[in-house]
Amino acid sequence: MRLFAAAEVPQERLESVQQAVAPLQEKLPGARWTARSSWHVTVKFFGEVADARVEDLVRDIARVARSAVPVDSRLLDVGAFPSLRRARVLWVGVDDPESRLDALARQLSRVSDQPAETRSLHPHLTLARFKVPSSVEEVVERFRPFDFDQSGFRIDRLRLFRSHLSAGGARYEVLETFEFSPGLSL
């Protein structure tokens, strides 16, 4: 199974993102836009996991999540990887002011069969992908500032997703939900 752990952003915030970035869609014809239903913050990608390993992985994620502290977050700005001048991925940033999601990703790396990630986690919602690196800087700058719902939201759980790949794109299935410790707060 192709698995990853992710946090979700409240639906009303996703609605504000969808409305704010709608003008970009007609201005960036080379972009392959992701469906709002697939917008999430990937914390750790586990890749292909053998069926025999899934039960242990679920147990390990649950243990890590129980020790996690909730994250008070908000939406940031539109950006791109590796840059707005050579975009492969267009995204909306998700604030991780105390790097708690990054710490969670590092803990999950320890229970994963995947090599540990050397870069810090950059929490985001993937809006679009480009097959060929594209300069999106001029278009993004034209529409800044983006009118996202800036009210904060709390990330207090992870979900384990299974990714089903097809020619029409990926479809995500929630396998498990892991609540952070209710006794821990900011």
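## A ring at the edge of a sheet

Let's start with phenylalanine 81, which is partly exposed: its relative accessible area is 27%. Keep in mind that what you're looking at is a predicted model. The ring of phenylalanine 81 pairs with that of tryptophan 91, with the centres 5.3 Å apart. Their planes sit at 40°, so this counts as a tilted pair.

Tryptophan 91 itself is buried, at 11% relative accessibility. Where do phenylalanine 81 and tryptophan 91 lie? The phenylalanine is in strand β5 and the tryptophan in strand β6, so the pair ties together parts that are 10 residues apart in sequence.

## The sheet around it

Both of those strands belong to an open sheet of 4 strands, which runs in the order β2-β7-β6-β5 with antiparallel pairing. At the edges you'll find β2 (32-33) and β5 (75-81); each has a single partner strand, so one side of each has no neighbour in the sheet. Phenylalanine 81, then, sits in one of the edge strands.

Further in, β6 (residues 87-94) pairs with β7 (residues 124-134). How many bridges join β6 and β7? There are 6, and the pairing is antiparallel. Tryptophan 91 turns up here again, standing opposite threonine 126 in β7.

The structure holds 5 aromatic pairs. One of them brings together phenylalanine 4 and tyrosine 172, in an edge-to-face arrangement. Their ring centres are 5.2 Å apart, with 85° between the planes. This pair links distant parts of the chain: phenylalanine 4 is in strand β1 (residues 2-7), tyrosine 172 is in strand β10 (residues 171-179), and the two are 168 residues apart.

Are the two partners buried or exposed? Phenylalanine 4 is buried, at 4% relative accessibility, while tyrosine 172 is partly exposed, at 29%. Ring pairs also bring in Phe161, making a cluster of Phe4, Phe161 and Tyr172.

## The nonpolar core

Now for the inside. Nonpolar side chains tend to be buried together in soluble globular proteins. Here, the largest nonpolar core has 53 residues. Which residues have the most contacts inside it? They are Val17, Phe46, Leu75, Leu90, Leu108, Leu125 and Phe148.

Some of these take you back to the sheet: Leu75 falls in the stretch of β5 (75-81), Leu90 in that of β6 (residues 87-94) and Leu125 in that of β7 (residues 124-134). Even so, the largest share of the core comes from a helix, α2 (residues 51-66), which supplies 7 residues.

Note on methods:
Residues numbered from 1 in each chain as written. Predicted model: local features only at pLDDT ≥ 70, side-chain atom pairs only at ≥ 80, totals over all residues. Heavy atoms only, no water. Pairing = 2+ DSSP bridges. Phe/Tyr/Trp six-rings, centres within 6.5 Å; stacked < 30°, edge-to-face > 60°. Buried < 20%, exposed > 50% of the residue type's maximum accessible area, 1.4 Å probe, protein only. Core = buried A, V, L, I, M, F, W, Y, C linked by side-chain atoms within 4.5 Å.
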